[in-house]
Amino acid sequence: MTKDGALFLGAGANVSYGDTVIGTNHTLPMRKAARCTGGLWVGKFIRTCTCRRVLTAEASAMIGECCSRLCALKGFAGHGEQANIHVRRHGGRQMPCGGKAEAA
């Protein structure tokens with residue numbers, strides 16, 4: 001079983017418990033949504049924030065090169081140029097505006 005909204009395991013667990021007092025409170029994903037999400041729980045109402053940290057200029061330039069090439073493939077010119085700015089600034093490479101970074 002890989003696409004269930006909720007599992008009730010053991011003789012002591014049942015759907016009515018999950019619907020009312022011990023779990024997802026009767027709100028489970030419908031149709032194909034169970035492929036990517038589980039039942040409703042308090043965490044669905046909490047805003048999460050993820051953080052990214054690049055510690056060195058060398059790492060920023062290397063990540064920028066990869067990002068620049070990927071953005072060129074996807075047609076994301078603005079994001080690609082933002083990556084190119086970091087390649088210029090932190091990698092010391094001269095690149096044309098709107099160009100695609102090649103691996104150093």
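**Figure 1. Helix H2 and helix H3 make a left-handed crossing.** The model is predicted. H2 spans residues 57-74, and H3 spans residues 77-91. The two axes come within 8 Å. They cross at roughly 150°. Angles over 145 degrees count as roughly antiparallel, so H2 and H3 are roughly antiparallel to each other. Two packed helices are described by the angle between their axes and the distance between the axes.

**Figure 2. The whole chain follows the pattern α-α-α along its sequence.** Helix H1 covers residues 15-20. A loop lies between H1 and helix H2 (57-74). Helix H3 takes up residues 77-91. The chain has 104 residues, and buried ones make up 18% of them.

**Figure 3. Arg93 and Glu65 meet in a salt bridge through their side chains.** The N to O distance is 2.5 Å. Glu65 sits in helix H2, while Arg93 lies in the segment after H3. The pair therefore ties together parts that are 28 residues apart in sequence. Glu65 is buried, because its relative accessible area is 10% and the cut-off for buried is under 20%. Arg93 counts as partly exposed at 23% relative accessibility. This contact is one of two salt bridges in the structure.

**Figure 4. A salt bridge joins the side chains of Glu81 and Arg88.** Here the N to O distance is 2.8 Å. Glu81 is buried, with a relative accessible area of 15%. Arg88 is partly exposed, and its relative accessible area is 22%. The structure holds two salt bridges.

**Figure 5. Ala59 of helix H2 is shown with Val87.** The two residues are 28 apart in sequence. Their C-alpha atoms are 9.8 Å apart in space. Ala59 has a relative accessible area of 23%, which means that this residue is partly exposed.

**Figure 6. Leu28, in the loop between H1 and H2, is shown with Ala6.** The C-alpha atoms of Leu28 and Ala6 are separated by 7.3 Å. Along the chain, 22 residues separate the pair. Leu28 is partly exposed, at 31% relative accessible area.

**Figure 7. Tyr17, Val21 and Ile22 make a nonpolar surface patch.** The patch has an area of about 320 Å². Ile22 lies in the loop between helix H1 (15-20) and helix H2 (57-74). Ile22 counts as exposed, because its relative accessibility is 54% and the cut-off for exposed is over 50%. Leu28 is found in this loop between H1 and H2 too, but Leu28 is partly exposed.

Note on methods:
Residues numbered from 1 in each chain as written. Predicted model: local features only at pLDDT ≥ 70, side-chain atom pairs only at ≥ 80, totals over all residues. Heavy atoms only, no water. Patch = residues over 30% accessible without salt bridge, like charges linked within 9 Å, V, L, I, M, F, W, Y side chains within 5 Å. Areas by Shrake-Rupley, 256 points an atom, 1.4 Å probe, with all protein chains shown as cover. Salt bridge = Lys/Arg side-chain N within 4 Å of Asp/Glu carboxyl O. Helix = DSSP H or I, 4+ residues; strand = E, 2+ residues; numbered from the N terminus. Buried < 20%, exposed > 50% of the residue type's maximum accessible area, 1.4 Å probe, protein only. Axes fitted to C-alpha atoms, helices over the stretch in contact; angles between N-to-C directions. Parallel < 35°, antiparallel > 145°, perpendicular 65-115°, else oblique. Left-handed = near helix turned anticlockwise from the far one by under 90°.
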